[in-house]
Amino acid sequence: MGAEEREARDRTRANGASAVRRGAAERSRVRLDVPRAPRRTFLPEYDPEAFGRLSEKIARLLGTGRFIVWMTVAIIVWITWNIVAPSSLRFDSYPFIFLTLALSLQASYAAPLILLAQNRQADRDRITQEQDRKQNERSIADTEYLTREIAALRLGLGEVTTRDWIRDELQDLLRDLELRQMVESESDERDR
């Protein structure tokens with residue numbers, strides 16, 4: 001260790017934590033509100049959404065009757081050409097190995113593309129079901145709230161005086177008054 005290094009270490013020890021803070025302040029600060037620059041990679045980049053949309057289009061095409069008809073026509077033409085055409089023009093003789101290879105290659109790409117399209121559809125269905133479930137929960141909560149409000153109104157109406165009740169009470173009072181007057185008039189006549 002050189003003398004300069006010893007002096008720097010001794011100064012750090014003497015200054016304590018302030019030297020550590022000073023060293024941290026001198027380093028570049030990372031801002032959390034600014035996104036990092038994307039890292040460079042040598043792998044090819046692709047848009048997963050665009051690839052998913054393409055796979056759905058292919059799956060839609062493979063699932064149609066039109067595709068099956070055209071595929072059948074192409075296979076019949078292929079086999080017919082390689083049986084009927086002159087030997088020099090045939091490109092795939094009887095066991096039709098090239099046709100088998102082409103169909104296998106088509107199937108090996110079609111299956112994962114169809115599965116990818118199904119997974120995307122399942123994700124959309126799951127999201128739709130989640131939204132429907134939340135909507136149903138909100139509807140149930142609203143219905144329960146309205147039910148409680150109607151019950152409160154019914155209870156409140158039980159305590160509210162109605163026109164018929166007031167009319168009946170007034171008629172009872174009138175009868176009572178008439179009875180009192182009759183009783184008083186009879187008692188007055190007796191007293192006289």
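Q: How much of the 192 residues in the protein chain is buried?
A: Buried residues make up 8% of them. Keep in mind that this is a predicted model.

Q: OK, and how many helices and strands does the chain have?
A: It has six helices and zero strands. Going along the sequence, the pattern reads α-α-α-α-α-α.

Q: Let's look at the surface. Which residues form the nonpolar patch?
A: Trp-81, Leu-89, Phe-91, Phe-98 and Leu-101. Together they have about 530 Å² of accessible area.

Q: Where does Trp-81 lie?
A: Trp-81 is in helix α4, which covers residues 65–84.

Q: What about charge, which residues gather in the negative patch?
A: That one is made of Glu-184, Asp-188, Glu-189 and Asp-191, on the surface.

Q: Pick Asp-188. Which helix is it in?
A: Asp-188 sits in helix α6, residues 163–191. With a relative accessible area of 41%, Asp-188 is partly exposed.

Q: Back to helix α4. Is Asn-82 in there buried or exposed?
A: Asn-82 belongs to helix α4 and is buried, at a relative accessible area of 3%.

Q: What lies 2.9 Å from a polar atom of the Asn-82 side chain?
A: The backbone nitrogen of Asp-92 does.

Q: Does that count as a polar contact, or what is the cut-off there?
A: The cut-off is 3.5 Å for a pair of N or O atoms, and the Asn-82 and Asp-92 atoms are 2.9 Å apart.

Q: Where is Phe-96, and is it buried or exposed?
A: Phe-96 lies in the loop between α4 and α5. Phe-96 counts as buried because its relative accessibility is 10%.

Q: One more. Which helix holds Ala-59?
A: Helix α3, residues 48–62. Ala-59 is buried there, with a relative accessible area of 17%.

Q: How far is the C-alpha of Ala-59 from that of Pro-112?
A: The two C-alpha atoms are separated by 9.6 Å. Along the chain, Ala-59 and Pro-112 are 53 residues apart.

How values were computed:
Residues are numbered from 1 along each chain as its sequence is written. This is a predicted model: local features need pLDDT of at least 70, side-chain atom pairs count only at pLDDT 80 or more; totals for chains, interfaces and linings use all residues. Side-chain values use heavy atoms; hydrogens and water are left out. Patches are made of residues with over 30% relative accessible area and no salt bridge: like charges are joined within 9 Å, nonpolar side chains (Val, Leu, Ile, Met, Phe, Trp, Tyr) within 5 Å. Accessible areas come from the Shrake-Rupley method with a 1.4 Å probe; for residues, only the protein chains shown count as cover. A salt bridge is a side-chain nitrogen of Lys or Arg within 4 Å of a carboxyl oxygen of Asp or Glu. Helices (H or I, at least four residues) and strands (E, at least two) are DSSP runs, numbered from the N terminus. Lys and Arg count as positive and Asp and Glu as negative; His and the chain ends are not counted. The place of a charge is taken as NZ of Lys, CZ of Arg, CG of Asp or CD of Glu. Buried means under 20% relative accessible area, exposed over 50%, partly exposed in between (1.4 Å probe, protein chains only). A polar contact is a pair of N or O atoms within 3.5 Å; within protein, one must be able to donate a hydrogen and the other to accept it, and residues adjacent in sequence count only if both atoms are side-chain atoms.
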